[in-house]
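Here is a friendly walk through how this chain packs together. Have the structure open as you read.

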Amino acid sequence: MKKIFLNGVFSWIKTNLVCISLVMLFVILYLITSNIPTLFSKLATCDIKYMNNEYYRWITAIFLHFNFEHLFFNSLAILAVGSLISPFIGRVKTLLIFVLCGVLAEVVYSFIVNNGMGNYGAGSSGGIFSLIAALMVCYLRYPNAFPKKWYRFDIIIVVLFFVFANDNIGSFMTHLFGFAIGIITCFLMVQFRLIKTKV
């Protein structure tokens, strides 16, 4: 019994290695920016008027978090959705969708947000919502490849995150952009057979 449990744990870690590595990066950056607060405002994204050609912000912002609660729930969510989508599309595509769609969500956010302030934004939610979108596209296209029960812990976490993570307009917009870009990206990947079923 113990051997079966350990094999299951090691298998989960191997499959979810990308998301586990991302969480470790989130934690490291959180500890650094918590101790050097000025660094956060140099790495977070903002209104395009305040960008000053610092376009790297669109990339760095998706790995930053405002506080421990933000870090905890995003980490939990990416591990949950990763455990559902990574076994199907693989680790490389999981990372690609998270980074590409997360960055694109920040780009759109920077152009649309216009409130007369720097409005520094950050968080991995745009990338997480793109992975949720990818999961939905893959499930609708290949339902037989996802024999998951609705009461699984990771599915419940993903559903709760999807419903309750929109606690302000900025979050809602980033999540919406990430989700929409994730749907388009994954749909194209499925259409061009970059994602296909093995079942």
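Setting aside neighbours within four places in sequence, C138 is in contact with I85, F88, I89, P143, F146, C186 and I195. The model is a predicted one, so treat every contact here as part of that prediction.

C138 also turns up in the largest nonpolar core, which has 54 residues. Together with F26, I78, F88, F98, I128 and I195, C138 touches the most other members of that core. Which elements give two or more residues to this core? They are helix 2, helix 3 (37-43), helix 5 (68-89), helix 6, helix 7, helix 8 (153-164) and helix 9. There is also a second, separate core of 5 residues, including A105, V113, M173 and F177.

| Helix pair | Crossing angle | Axis separation |
|---|---|---|
| Helix 7 (residues 125-141) and helix 9 (residues 169-191) | about 40° | 7 Å |
| Helix 2 (residues 17-35) and helix 6 (residues 91-112) | roughly 40° | within 8 Å |

Take helix 7 and helix 9 to begin with. At about 40°, the two helices are therefore oblique to each other, and helix 7 passes helix 9 in a right-handed crossing. On the helix 7 side, the contact is made by S125, G126, F129, S130, I132, A133, A134, M136, V137, C138 and R141. Helix 9 brings T174, H175, G178, F179, G182, I183, C186, F187 and V190. By type, the residues of this contact divide into 12 nonpolar, 7 polar and 1 charged. C138 and C186, both listed in this contact, are also in contact with each other.

Now for the other pair. Helix 2 and helix 6 cross at roughly 40° and are therefore oblique to each other as well. Here L17, V18, C19, L22 and F26 of helix 2 meet R91, T94, L95 and F98 of helix 6. These residues divide into 7 nonpolar, 1 polar and 1 charged. F26 and F98 link this contact back to the largest nonpolar core, where both are among the residues that touch the most other members.

Finally, a look at a loop. M51 lies between helix 3 and helix 4 (57-60). Is M51 buried or exposed? M51 is buried, because its relative accessible area is 1%. Beyond its neighbours within four places in sequence, M51 is in contact with T45, C46, R57, W58 and S110. M51 and V159 are 108 residues apart in sequence, and their C-alpha atoms are 34 Å apart in space.

Note on methods: Residues are numbered from 1 along each chain as its sequence is written. This is a predicted model: local features need pLDDT of at least 70, side-chain atom pairs count only at pLDDT 80 or more; totals for chains, interfaces and linings use all residues. Side-chain values use heavy atoms; hydrogens and water are left out. Axes are lines fitted to C-alpha atoms, for helices over the stretch in contact, and angles run from 0 to 180 degrees between N-to-C directions. Helices (H or I, at least four residues) and strands (E, at least two) are DSSP runs, numbered from the N terminus. Angles under 35 degrees count as roughly parallel, over 145 as roughly antiparallel, 65 to 115 as roughly perpendicular and the rest as oblique. A crossing is left-handed if the near helix is turned anticlockwise from the far one by less than a right angle, and right-handed if clockwise. Contact means heavy atoms within 4.5 Å. Ala, Val, Leu, Ile, Met, Phe, Trp, Tyr, Cys and Pro count as nonpolar, Asp, Glu, Lys and Arg as charged, and the others, Gly among them, as polar. A nonpolar core is a set of buried Ala, Val, Leu, Ile, Met, Phe, Trp, Tyr and Cys residues joined through side-chain atoms within 4.5 Å. Buried means under 20% relative accessible area, exposed over 50%, partly exposed in between (1.4 Å probe, protein chains only).
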